[in-house]
Amino acid sequence: MIKRIFTLFLVFFLWISHAHASTTEMYTYDRMKDQINSLAKTYQLELKTIGQSEFGRDLLAVKVGKGSNSILITGSHHGREWLTTHVIMNMIEQYASAYEENQSLYGHNLNILDQISIWFVPMVNPDGVTIQQEGIKELPLLLQDIYIDMNKGNEDFSRWKANGLGVDLNRQYPAGWERIEGSQRYAAFSHYKGQKPLEAKETLALSSFTEQVRPLASASYHTSGRLIYWYYFNEIEHLQRDHDLIEQVANKTGYEISYPPANAIGGGYTDWFIQTYKKPALTIELSFPVEETNPPLSVLEEEWQRNKEIGLIMAKYAESEVLR
């Protein structure tokens with residue numbers, strides 16, 4: 001009951017502050033929503049609201065292509081990782097434009113999208129992104145105290161990873177959730193896995209959408225470190241298949257392939273995807289390493305150049321799996 005009252009109280013004031021939020025050069029939730037609606041209209045893209053965040057923001061998914069099979073690319077599971085939304089929105093715009101004009105792009109024939117569509121969810125955690133970007137100054141003092149407590153006494157929210165209720169969304173998925181170690185015991189800016197898997201509205205919405213479209217492969221963009229994670233107890237017969245895709249992505253991005261130990265932590269979206277669908281999934285960490293904050297926008301151009309082909313590479317891989 002206390003949690004519900006707190007949630008309703010916060011929703012009310014979050015909407016008030018949301019209405020007065022200032023526009024920034026960062027990819028805010030408002031900017032993302034406006035642009036994704038504009039792109040969908042311009043290029044006649046399928047656009048879905050797959051759910052709402054804890055505080056009522058739409059969770060949007062858009063499809064580029066007409067193929068009945070698909071891959072899925074997501075970003076901003078964590079509040080401070082909104083650089084991933086920039087990269088994904090660039091993909092949507094450039095892929096959709098080239099596909100409509102029947103042009104090749106970066107040496108790729110966009111006819112691939114007739115066979116394999118690409119679903120994008122550019123911002124899984126809009127509440128967390130908003131807290132990280134704008135802070136809590138618009139909230140009443142009582143709620144500010146609660147958030148400062150969740151932020152371990154720090155009034156600077158630039159390190160915020162969690163969703164609006166202090167749950168770390170990438171520790172919310174069922175694969176290995178019970179065995180996660182090093183988790184916060186209570187709601188916090190990061191590392192609190194929640195009371196049960198898929199408790200957060202955002203993770204429940206994304207898992208339900210994934211089940212609906214059943215993609216042949218998935219990539220989850222994060223920051224930072226220029227690493228690719230791909231392993232979560234993949235079945236032996238799939239190791240070579242999965243590693244072939246990961247090598248292609250690593251060769252194109254220049255990122256290092258991470259080989260986690262046998263006791264991989266679990267709880268992440270790609271862990272769950274691999275375990276549930278027996279298909280390859282990648283966690284791609286953009287940017288040089290940064291300490292508990294967002295990478296600077298100055299790194300965006302380089303990260304875009306490294307990643308601009310990844311959706312098309314994954315689509316080509318998925319086509320080969322369909323034809324196999």
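1. Helices (H or I, at least four residues) and strands (E, at least two) are taken as DSSP runs, numbered from the N terminus. Helix H8 is followed by Gly254, whose phi is positive, near 80 degrees.

2. The model is predicted, so local features need pLDDT of at least 70 and side-chain atom pairs count only at pLDDT 80 or more, while totals for chains, interfaces and linings use all residues. Residues are numbered from 1 along each chain as its sequence is written, and side-chain values use heavy atoms, with hydrogens and water left out.

3. Helix H8 covers residues 239-253. Buried here means under 20% relative accessible area, with a 1.4 Å probe and protein chains only. The buried residues of H8 are Arg241, Asp242, His243, Leu245, Ile246, Val249, Ala250 and Thr253.

4. Helix H3 (residues 83-100) packs against helix H10 (residues 300-307) at an angle of about 50 degrees, with the axes 10 Å apart. Axes are lines fitted to C-alpha atoms over the stretch in contact, and angles run from 0 to 180 degrees between N-to-C directions. Leu83, His86, Val87, Asn90, Met91 and Gln94 of H3 meet Leu300, Glu303, Trp304 and Asn307 of H10 in this contact (heavy atoms within 4.5 Å).

5. Ile313 lies in helix H11 (residues 310-323) and is buried, with a relative accessible area of 8%. Leaving aside neighbours within four places in sequence, Ile313 is in contact with His108, Gln248 and Lys252.

Note on methods
The expected span of a helix is 1.5 Å times one less than its number of residues. Buried means under 20% relative accessible area, exposed over 50%, partly exposed in between (1.4 Å probe, protein chains only).
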